[in-house]
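Here is a short report on side-chain contacts and helices. Please view the model first.

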Amino acid sequence: MGNHGADPKHGVFLGNWGAIGCTTPQKNIITYSLSANRQRPMAGAAHAAIFNVWRRFRHQVLYVAPPFIIAYATMNWAIERNEYLNSKPGRQAEGESE
């Protein structure tokens with residue numbers, strides 16, 4: 001088996017290795033490229049990152065902060081209440097006898 005030859009099933013030339021398929025060039029395929037020295041993938045990244053983070057934070061803080069504040073206040077109250085109820089004055093206030 002070489003690089004050239006007929007397809008054993010149909011008897012047609014498939015093309016060289018790596019170009020298997022039609023022997024005529026493909027049409028209606030458009031490719032674009034940019035020179036390597038013209039590409040600037042990180043152009044303005046630091047500036048955009050700072051202002052984009054601020055913009056997103058500013059728009060989302062009122063959706064995120066109030067539930068966290070409420071959850072923190074509730075958890076803080078629950079911890080203090082638990083510590084009080086498990087202390088000697090808390091047990092006496094609740095009427096539990098030892």
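Is E94 buried or exposed? E94 counts as exposed, at 51% relative accessibility. Buried means under 20% relative accessible area, exposed over 50%, and partly exposed in between (1.4 Å probe, protein chains only).

This is a predicted model, where local features need pLDDT of at least 70, side-chain atom pairs count only at pLDDT 80 or more, and totals for chains, interfaces and linings use all residues. Residues are numbered from 1 along each chain as its sequence is written, and side-chain values use heavy atoms, with hydrogens and water left out.

**Salt bridge.** The count is 1 salt bridge (a side-chain nitrogen of Lys or Arg within 4 Å of a carboxyl oxygen of Asp or Glu). E94 pairs with R81, and their closest N and O atoms are 3.7 Å apart. E94 sits in helix α2 (residues 88-94) and R81 in helix α1, so the bridge ties together parts 13 residues apart in sequence. Helices are DSSP runs (H or I, at least four residues), numbered from the N terminus.

| Residue | Relative accessibility | Class |
|---|---|---|
| E94 | 51% | exposed |
| R81 | 35% | partly exposed |
| F57 | 48% | partly exposed |

**Aromatic pair.** The structure holds 1 aromatic pair. The ring centres of W54 and F57 are 5.8 Å apart and the planes meet at 35°, so the pair is tilted. Rings of Phe, Tyr and Trp (its six-membered ring) pair if their centres lie within 6.5 Å; planes under 30 degrees apart count as stacked, over 60 as edge-to-face and the rest as tilted. Both residues lie in helix α1 (residues 45-85), 3 residues apart, about one turn of the helix.

Note on methods. Helix = DSSP H or I, 4+ residues; strand = E, 2+ residues; numbered from the N terminus.
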